[in-house]
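Please keep the structure in view while reading.

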Amino acid sequence: LRLHYGQNGRRQALLDALDHRLAVLRDHDIVPSAMLMGGSFVSDKAEPGDVDALIAYRLTHGDAPTEVARAAMRKSNDGLDLRFVPDDAGPVMLFKLCCFFHTMYQRIDGAHLRGCLLVDLLNNDDPGKE
């Protein structure tokens, strides 16, 4: 991600925040499996406002995330607008959420075309270092 989307300090800071948030989740037995990124971060906009992403995850132990993990999932003051869905919610739910967020993320913002990026987090455990 840094190679293609980390062209300046703001973008690097957002990727650092994303790396940190994913690390906190992993430290608390939540394994992010996939991420659908969109919005201004994956556009050609020089200074994106935030990182918009839907993150599928799985728990490695227990039936529910710890309080620290739940707080990390709710946090919103670090330039990350993340939504979470358990990847065992079933294919229909995952497809519905991906379609919904893809539609939201790809809207055109003035001259900046927006798309979406699907990141496999299981085979790339450090997405900001790609």
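1. Start at Arg2. This residue is buried, with a relative accessible area of 15%. Buried means under 20% relative accessible area, exposed means over 50%, and partly exposed covers the range in between (1.4 Å probe, protein chains only). The model is predicted: local features need pLDDT of at least 70, side-chain atom pairs count only at pLDDT 80 or more, and totals for chains, interfaces and linings use all residues. Residues are numbered from 1 along each chain as its sequence is written, and side-chain values use heavy atoms, with hydrogens and water left out.

2. Which residues meet Arg2 in salt bridges? Asp16 is one of them, at 2.6 Å from N to O. A salt bridge here is a side-chain nitrogen of Lys or Arg within 4 Å of a carboxyl oxygen of Asp or Glu. Asp16 sits in helix H2 and Arg2 in helix H1 (residues 2–5), so this pair links distant parts of the chain, 14 residues apart. Helices (H or I, at least four residues) and strands (E, at least two) are DSSP runs, numbered from the N terminus. Asp16 is partly exposed, at 43% relative accessibility.

3. Asp19 also meets Arg2 in a salt bridge, with 2.9 Å from N to O. Asp19 lies in helix H2 and Arg2 in helix H1, so the pair ties together parts that are 17 residues apart in sequence. Asp19 counts as buried, at 12% relative accessibility. Across the whole structure, a search finds seven salt bridges.

4. Next, look at Arg21, in helix H2. Its salt-bridge partner is Asp78, with the closest N and O atoms 2.8 Å apart. This pair, too, links distant parts of the chain: Asp78 is in the loop between helix H3 (67–74) and strand S3 (80–86), and the two residues are 57 residues apart. Both Arg21 and Asp78 are buried.

5. How buried is Arg21? Its relative accessible area is 2%. Leaving aside residues up to four places away in sequence, Arg21 touches Ala72, Met73, Lys75, Ser76, Asp78, Leu80, Leu82 and Phe84. Contact means heavy atoms within 4.5 Å.

6. Asp29 deserves a check of its backbone. Its phi is near 65°, a positive value in a residue other than glycine. Most residues other than glycine have a negative phi. Asp29 lies in the loop between helix H2 (9–27) and strand S1 (30–38). With a relative accessible area of 29%, Asp29 is partly exposed.

7. Which strands does S1 join? Eight bridges join S1 to strand S2 (residues 51–59), and the two run antiparallel. Two strands pair if DSSP finds at least two bridges between them. On this pairing, Met37 stands opposite Ala53 in S2. Five bridges join S1 to strand S4 (residues 116–120), again antiparallel. There, Gly38 has Cys116 as its bridge partner in S4.

8. Now the aromatic rings. Rings of Phe, Tyr and Trp (its six-membered ring) pair if their centres lie within 6.5 Å; planes under 30 degrees apart count as stacked, over 60 as edge-to-face and the rest as tilted. By this rule the count comes to four aromatic pairs. Phe100 and Phe101 form an edge-to-face pair, 5.1 Å centre to centre with 85° between the planes. Phe100 is partly exposed, at 47% relative accessibility, while Phe101 is buried, at 9%.

9. Phe101 also pairs with Tyr105. This pair is tilted: 5.7 Å centre to centre, 45° between the planes. Both residues lie in helix H4 (residues 91–105), four residues apart, about one turn of the helix. Tyr105 is buried, with a relative accessible area of 5%. Ring pairs link Phe100, Phe101 and Tyr105 into a cluster.

10. Arg11 lies over the face of Phe41, at 5.0 Å from the ring centre. The rule for a charge over a ring is NZ of Lys or CZ of Arg within 6 Å of the ring centre and within 35 degrees of the ring normal.
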